[in-house]
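Reader: I am new to reading protein models. Could we go through one together, a question at a time?

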Amino acid sequence: MSRIVIIGAGLAGSLLSIYLAKRGLAVDVYEARGDMRLQEVAAGRSINLALSDRGIAALREIGMDKYMLAEAVPMRGRMIHTVSGETKLLPYSGRQGEYINSVSRAGLNIALMNEADKYDGVTFHFNQRCVYFDCASGEAKFSNGVRVKSDTVIATDGAGSAVRNAMLHGGVERFDFSQIWLEHGYKELHIPTGVDGSFQLEKNALHIWPRDKFMMIALPNFDGSFTCTLFLAHKPQDEGGAAFSRLTDERSVAEFFHREFPDATKLMPTLVEDFFANPTGNLGTVKCFPWNASGNALLLGDSAHAIVPFYGQGMNCAFEDVRVLASLLSEPGAIATGSSINWESVYEKYGELRKVNTDAIADMAEENFYEMRDAVADPVFVKKRELETKLEQTYPDYFSKYSMVTFREDMPYSVAKEKGNAQDALLMRLCSQVDNVSDLDLSEVFSIVKDL
Ligand SMILES: Cc1cc2nc3c(=O)[nH]c(=O)nc-3n(C[C@H](O)[C@H](O)[C@H](O)COP(=O)(O)OP(=O)(O)OC[C@H]3O[C@@H](n4cnc5c(N)ncnc54)[C@H](O)[C@@H]3O)c2cc1C
C-alpha cells in the first residue's frame, strides 16, 4: 500500500487526508502545533471564514457539507457602514440561494480531523514541525530529530511552508518564487453576543466599514458574536495617515475607532484590551512553480499559493486543490505499475491544471482589496452592483464576476477572471453615464454582456 506523508494538519491537510483515505491510501499527517481539539486555539488565527461553493463542493464529496453548513451563518450581501452610521446592503447575488457562509475556522478544522480519525489509514502526529525536506531522497526531518521517508510528501504547511523553502533553496532547479507583502496588516477584534444571544448587527451580512485607505469588516459567528478585522497600513502612507504604527496607546486606539467606526465601537466593550492582546498579522501573495519535486513532494493550498483574503477564497481554493488532485488520482493513468501511483505524472498534470487558476484568484483577491476598501463607497460602483443584481434577477444566464468566482464551482477561476473583468469594465462605463440604473435598457445591456 502506498504510504503518504502530509505535512500540516490545517484546513487543506486535514481534508486531503480524508480524500486519500477514502481511496484506500495510508496517510501520516505531521502537524507542528499540538492537537487543537485538546487546547485553546491561539489568538490571531482568523476566527471565522467565508465558506462558498467551491469549498462546499469539496466537503460534499466527503459527505460533510450539510454538517458544516448546519452551524454556519449565511451572509447574503455586504452591509456598508458610513462614518455617520448609515447602512446599505449590497446583495452578493440577485438569485435566491446564492450567498456565502461564515464558519468557524477551528470548528471546521476540528470536524475534518475528527472525520479523518474515523479511517484506520490516517494517523495524526502532533507537535512535529518539519524543519527540512530532502527533495532528492524524499526524506522529511522534524524538529525532534525524527526522519520520515514515504512514497511521497504532500506539503500543506501553509504560507511559510518548510517544504517550499527546501524546494527554493536548491531542491528544485529553476524554482520560480515571489512573495509580495501588502502594506496593510490585519488585527482581529470582537463584538460580543447581545442580550439573550442576539446579534448586535444585521446577522446575515458581511459588514464593511470602507474608509478609503483602510477598512474594517465583521463576520457573524454562530453564537451571536461578530469577529471584526481591521485592515490598516503598518506605517503611514502619507502625512497624517492612519497606521498601526500610530496606534500605540489606549488613547490613540480609542480616538481612532470612535472617529472612524463610531457605530461599531459602541458595541466593542473590550476593544482596547483586544487591540493590544491580539497580534497584528501580515498579508501577502506567494506565487511559485513548479509545485512538484520529482514526485517526492507536492505543494498544495497556501504553501503553493498564499493569497490575500479579500475574495474570501484562500480556503475555498485550497479545498478545490484537494478535489482536483483526488480526481487525478482516480484517472486510469495515475497507476504506474501494479498498484503503485505515478506521483510525478499526477503532480505534473495537477500543476498544469491548477497554476493558471490559482494565479487568477491571487490577482483577483488583490484587486478586491481595493474594491472593498474604496469602490463600495463609490456611487458608480454601487450603481453597478444594483445593475448586476437586476441582471441576475432577470437572466438566469447572467453571472457577475463575484458570482462566477464565488458561486460557480464549475467555472475555473481563470475564466471567471477574464469574463468578469470584461463585464466589470463595460458595466462601470454604462453606470458612469446614467443617474439611475433604471435609465438603462436591461435587455440591451444583457445582449452586449452575454457576448463578451
Ligand atoms: C485574516 C484572514 C482571513 C481569511 N479569510 C478567508 C475566508 O473568508 N475564506 C477563505 O476561503 N479563506 C480565507 N483565508 C485564507 C485561509 O485561511 C487559507 O487559505 C487556508 O487556511 C489555507 O489552508 P492551508 O491548509 O493551506 O494552510 P493553513 O490553514 O495555514 O494550515 C497550515 C498548517 O500547517 C502547519 N504547519 C506550518 N508549518 C509547519 C511545519 N513546518 N511542519 C508541520 N506543520 C506545519 C500549521 O500549524 C497549520 O496547521 C483567510 C486568511 C486570513 C489570514
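Author: Two residues are in contact if their C-beta atoms, placed from the backbone, lie within 7 Å. The model shown here is a predicted one.

Reader: Leaving aside its neighbours within four places in sequence, which residues is Leu 15 in contact with?

Author: Leu 15 belongs to the largest nonpolar core, which has 120 residues, and together with Val 163 it touches the most other members. The largest share of this core, 10 residues, comes from helix H11 (residues 343-373). With neighbours within four places in sequence left aside, the contacts of Leu 15 are Ala 58, Leu 112, Phe 319 and Val 322.

Reader: What percentage of the contacts with a separation of 6 or more is between residues 24 or more positions apart?

Author: The C-alpha trace spans about 70 × 55 × 45 Å along its principal axes, and 44% of the 452 residues count as buried. Among contacts with a separation of 6 or more, the part from residues 24 or more positions apart is 71%.

Reader: Is Met 216 buried or exposed?

Author: Met 216 sits in strand E15 (residues 215-220). Leaving aside neighbours within four places in sequence, Met 216 is in contact with Trp 209, Cys 228, Thr 229, Leu 230, Phe 261 and Ala 264. A residue needs 20 or more other C-beta atoms within 10 Å to count as buried. Met 216 has 23 other C-beta atoms within 10 Å, so it is buried.

Reader: And how does Arg 3 count: buried, partly exposed or exposed?

Author: Arg 3 is part of strand E1 (residues 3-7). Leaving aside neighbours within four places in sequence, Arg 3 is in contact with Ala 26, Ser 150 and Asp 151. Because Arg 3 has 14 C-beta neighbours inside 10 Å, it counts as partly exposed.

Reader: How far apart in space are Arg 3 and Tyr 67, C-alpha to C-alpha?

Author: In sequence, Arg 3 and Tyr 67 are 64 residues apart. In space, C-alpha to C-alpha, the distance between Arg 3 and Tyr 67 is 29 Å.

Reader: Which element supplies the largest share of the shell around the ligand?

Author: There are 32 residues around the ligand, and those that come nearest are Gly 8, Gly 10, Gly 158, Gly 301 and Gly 314. Two or more residues are given by each of helix H1 (11-22), strand E3 (48-51) and helix H10 (314-329). By type, the shell divides into 14 nonpolar, 13 polar and five charged residues. Its largest share, four residues, comes from H10.

Reader: Which residues does a cis peptide bond join?

Author: Most residues other than glycine have a negative phi, and most peptide bonds are trans. Here a cis bond has omega of about 0°, and its Pro 290 lies in the loop between strand E17 (281-289) and strand E18 (292-293). The residues joined by this cis bond are Phe 289 and Pro 290.

Reader: What value is phi of Arg 174 near?

Author: Arg 174 lies in the loop between helix H5 (162-171) and strand E13 (176-191). It has 6 other C-beta atoms within 10 Å, so Arg 174 is exposed. Its phi is positive, in a residue other than glycine, and is near 50°.

Definitions and conventions: Residues numbered from 1 in each chain as written. Predicted model: local features only at pLDDT ≥ 70, side-chain atom pairs only at ≥ 80, totals over all residues. Near = placed C-beta within 6 Å. Nonpolar A, V, L, I, M, F, W, Y, C, P; charged D, E, K, R; others polar. Buried ≥ 20, exposed ≤ 12 C-beta atoms within 10 Å, placed from the backbone. Core = buried A, V, L, I, M, F, W, Y, C linked by C-beta atoms within 7 Å.
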